[in-house]
Amino acid sequence: MSSLEELMAKAKDLHSDGHTVDQIADELSLSTDTITWLLTQGKAGSAAPKDVHIDWTVVSSSTTLLGGMASMLMANFESRCHSNDDDCDCEGLDAVIGVSVSGVPLATLMATEDGLDLAIYHPSKHNPEGKTGSVSGNFAKITGRRCLIVDDCITTGNTLTEIVDYLRRHKAEPVGICVIFDKRGIKEIEGVPVYSLFTIKRID
């Protein structure tokens with residue numbers, strides 16, 4: 001079985017288990033356009049969207065390796081933030097906010113390492129009504145707080161744009177965005193700096 005066939009099989013298995021297209025996109029670190037193509041390929045007859053699949057399950061399934069990745073994310077944020085200018089805006093963090101699902105374990109470990117509060121954001125694409133995202137009421141409050149946003153991958157940037165807007169509407173200050181993989185190669189989202197460990201580029 002080819003890698004494309006394996007990816008199609010994974011997408012179809014997740015779909016048959018009840019995952020939505022958006023949830024599958026999060027699980028496989030692919031755009032929703034790519035997931036739609038994988039699920040309908042052979043019927044639609046359209047060309048595959050340009051995308052890159054990232055499989056980091058070797059790390060994400062190991063608490064030891066995941067802890068190392070979380071430490072790398074925080075170290076990258078702190079070193080790059082302090083090297084930008086003398087009036088660094090990353091001082092006085094109050095909370096780390098993990099984007100559900102993949103950003104949550106990373107944010108938890110980062111918050112633990114630095115003694116920060118933990119908040120969790122549920123994107124609108126995971127809301128059955130599909131209207132708005134929300135911060136979980138079972139974790140730290142974000143109003144009036146300086147927050148570091150954490151996710152695994154930037155594919156389109158839509159979810160991170162949404163959370164930045166949400167935090168600002170709720171009078172929180174997004175200080176930075178930490179991700180492992182950045183597929184867009186962007187330096188900021190809505191004026192909030194992006195600190196990625198790896199930038200992924202497709203060369204055709």
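Me: Why is Y195 called buried?
Reply: The relative accessible area of Y195 is 4%, and buried means under 20%, with exposed over 50% and partly exposed in between (1.4 Å probe, protein chains only); Y195 is therefore buried. The model is predicted, so local features need pLDDT of at least 70 and side-chain atom pairs count only at pLDDT 80 or more, whereas totals for chains, interfaces and linings use all residues. Residues are numbered from 1 along each chain as its sequence is written, and side-chain values use heavy atoms, without hydrogens and water.

Me: How many aromatic pairs does a search of the whole structure find?
Reply: The search finds four, where rings of Phe, Tyr and Trp (its six-membered ring) pair if their centres lie within 6.5 Å.

Me: What makes the pair of F77 and Y195 edge-to-face?
Reply: The ring centres are 5.1 Å apart and the planes stand at 85°; planes under 30 degrees apart count as stacked, over 60 as edge-to-face and the rest as tilted, so this pair is edge-to-face. F77 belongs to helix α5 (residues 63-84) and Y195 to strand β7 (residues 192-199), 118 residues apart. Helices (H or I, at least four residues) and strands (E, at least two) are DSSP runs, numbered from the N terminus.

Me: Why is the pair of F181 and F198 called stacked?
Reply: The planes of F181 and F198 are 25° apart, with 5.8 Å centre to centre, and the angle therefore meets the criterion for stacked.
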